[in-house]
Amino acid sequence: MAEWGAYFKRYLARQFSDAYLLGLGGPMQDGDELYNLVSSKGRGLYYKNEKVDMLFDAGRSTMDPARRRKIYSDLARAMVEDATWVFLMQQVDNYAMRERVQWTPRPDQWIIFQGATLR
């Protein structure tokens, strides 16, 4: 396996002909973060789907939060239906702490301790 920087350069140079392994490694804060991975108008180097591109365009140009949620929901459905990726693993996060620590883990893998307290 190559070092990440070297591997990602190969990805960007379109040097993978059939399949490659690419992990997101963390939470996405906005649907638009997918744009460069998936849209053929971004850096979506290995995938093209006109419906997906159209939904990205609509989501990126919409300021109304409710409409944007609907567009990105439709985008997610289109990507699942077209099998944009083959998901090989879904990491499950495990947390352990002492009883005197009061803290609630977030569902997005971010570990933020500003709200943590000690009893």
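Student: Leaving aside its neighbours within four places in sequence, which residues is T84 in contact with?

Tutor: Those residues are V38, Y47 and M79; contact means heavy atoms within 4.5 Å. Keep in mind that this is a predicted model, where local features need pLDDT of at least 70, side-chain atom pairs count only at pLDDT 80 or more, and totals for chains, interfaces and linings use all residues. Residues are numbered from 1 along each chain as its sequence is written, and side-chain values use heavy atoms, with hydrogens and water left out.

Student: Why does T84 count as buried?

Tutor: Buried means under 20% relative accessible area, exposed over 50%, and partly exposed in between (1.4 Å probe, protein chains only). T84 has 14% relative accessibility, so T84 counts as buried.

Student: And what makes M89 exposed?

Tutor: Its relative accessible area is 64%, and the cut-off for exposed is over 50%, so M89 qualifies. You'll find M89 in the loop between helix 4 (65–81) and strand 1 (101–102). Here helices (H or I, at least four residues) and strands (E, at least two) are DSSP runs, numbered from the N terminus.

Student: Which residues are buried in helix 1?

Tutor: In helix 1 (residues 4–12) they are Y7, F8 and Y11.

Student: How do you know that they are on the same side of helix 1?

Tutor: They cover an arc of only 95° around the axis, so they share one side; the arc is that of the directions from the helix axis to the C-beta atoms. The buried residues of helix 1 pack against helix 2 (35–38).
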